[in-house]
Amino acid sequence: MMRVKVISMRGASLAGLIVATALVGQEIARFTRTLAAQEAVFKLPPNQWNRPEPIRVTVSTFPREEGPRSAPSDAIVLFNGRDLSDWQSVSGGPARWKVGDGYFQVVPGTGNIETKQTFKDFQLHVEWTTPYPPSGEAMDRGNSGVFLQGLYEVQIFDSYDTKIYPDGVAGAMYGQYPPLVNACRPPGAWQSFDIIFHAPQFMPNGSLLHPARVTVFENGVLVQDNVPLTGPTRHLKRPPYEPGVDRGPIMLQEHGSPVRFRNLWIRKLKFGTD
Ligand code: MG
């Protein structure tokens with residue numbers, strides 16, 4: 001009996017060693033893929049026109065055209081349909097955008113707005129529509145954006161028939177990753193983003209351990225597949241991560257175009273301490 005037990009324990013520890021080695025190997029492979037994805041982005045300057053253009057896919061009319069869907073019961077509703085009491089101006093004071101019947105709208109010249117609450121890892125739902133008829137210069141056509149943690153922009157743009165550099169198309173992680181496809185609906189139609197965001201992780205000294213990762217569905221179509229961000233998104237720049245910053249508000253961009261929003265809600269994803 002004793003002999004059998006020793007052999008089985010040895011077998012167990014050997015199996016454990018094999019599993020541990022496999023897990024370490026997987027982690028190294030994952031890390032290598034992350035580095036390769038970021039390296040590929042770093043090789044391409046931001047906001048260049050010579051990247052491959054995302055192909056267009058046609059998405060059906062918004063299936064909930066009759067109205068926005070309800071938030072799940074465990075979601076934090078970010079817009080109550082009546083006022084912007086959950087938001088504030090990034091430059092200080094109350095949010096000065098216009099509130100309509102169940103939506104709110106960018107007021108040009110009033111600046112970006114952000115949620116009063118901050119978030120770490122989350123699932124975010126946003127509905128938006130660009131103006132119809134379209135107006136303004138090409139780069140301003142329905143330009144807005146959803147900034148995750150106030151730093152990482154998922155681009156809003158009237159990409160239905162207005163051209164822009166590929167990493168500025170609607171659904172792009174601005175200046176880093178063009179959307180996998182162009183799933184934009186026509187101007188004036190309501191559109192949706194469903195976003196999964198994993199915050200960057202930092203060492204105690206503030207240096208980066210894991211980059212932020214983002215998955216985005218635009219109108220139900222996958223446009224960003226768990227991409228590792230190189231840092232905050234900026235026009236013509238690729239700044240590094242802000243050391244130790246792993247939470248922040250949801251910020252919406254005022255880019256001079258009266259883009260509308262409705263039905264915004266967020267679910268915190270709980271990992272460890274958040
Ligand atoms: Mg924008």
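This passage describes the overall makeup of a predicted model and then turns to strand 8 and to residue S135.

Because the model is predicted, local features need pLDDT of at least 70 and side-chain atom pairs count only at pLDDT 80 or more, whereas totals for chains, interfaces and linings use all residues. Residues are numbered from 1 along each chain as its sequence is written.

The chain holds one helix and 15 strands; helices (H or I, at least four residues) and strands (E, at least two) are DSSP runs, numbered from the N terminus. Taken along the principal axes, its C-alpha atoms fill a box of roughly 80 × 45 × 40 Å. Of the 274 residues, 35% count as buried. Here a residue is buried if 20 or more other C-beta atoms lie within 10 Å of its own, exposed if 12 or fewer, and partly exposed in between, with C-beta atoms placed from the backbone.

Strand 8, residues 152-156, is mostly covered, as five of its five residues are buried. Y152, V154 and I156 point one way from this strand, while E153 and Q155 point the other way. Strand 8 pairs with strand 7 in the antiparallel sense over five bridges, where pairing requires that DSSP finds at least two bridges between two strands. One detail of this pairing is that F147 has E153 in strand 8 as its bridge partner. The hairpin of strand 7 and strand 8 has three residues between the strands, and Q149 takes a positive phi near 55° there.

S135 lies in the loop between strand 6 (122-129) and strand 7 (144-148). S135 is partly exposed because 13 other C-beta atoms lie within 10 Å. The C-alpha atoms of S135 and A37 are separated by 36 Å, and these residues are 98 residues apart along the chain.
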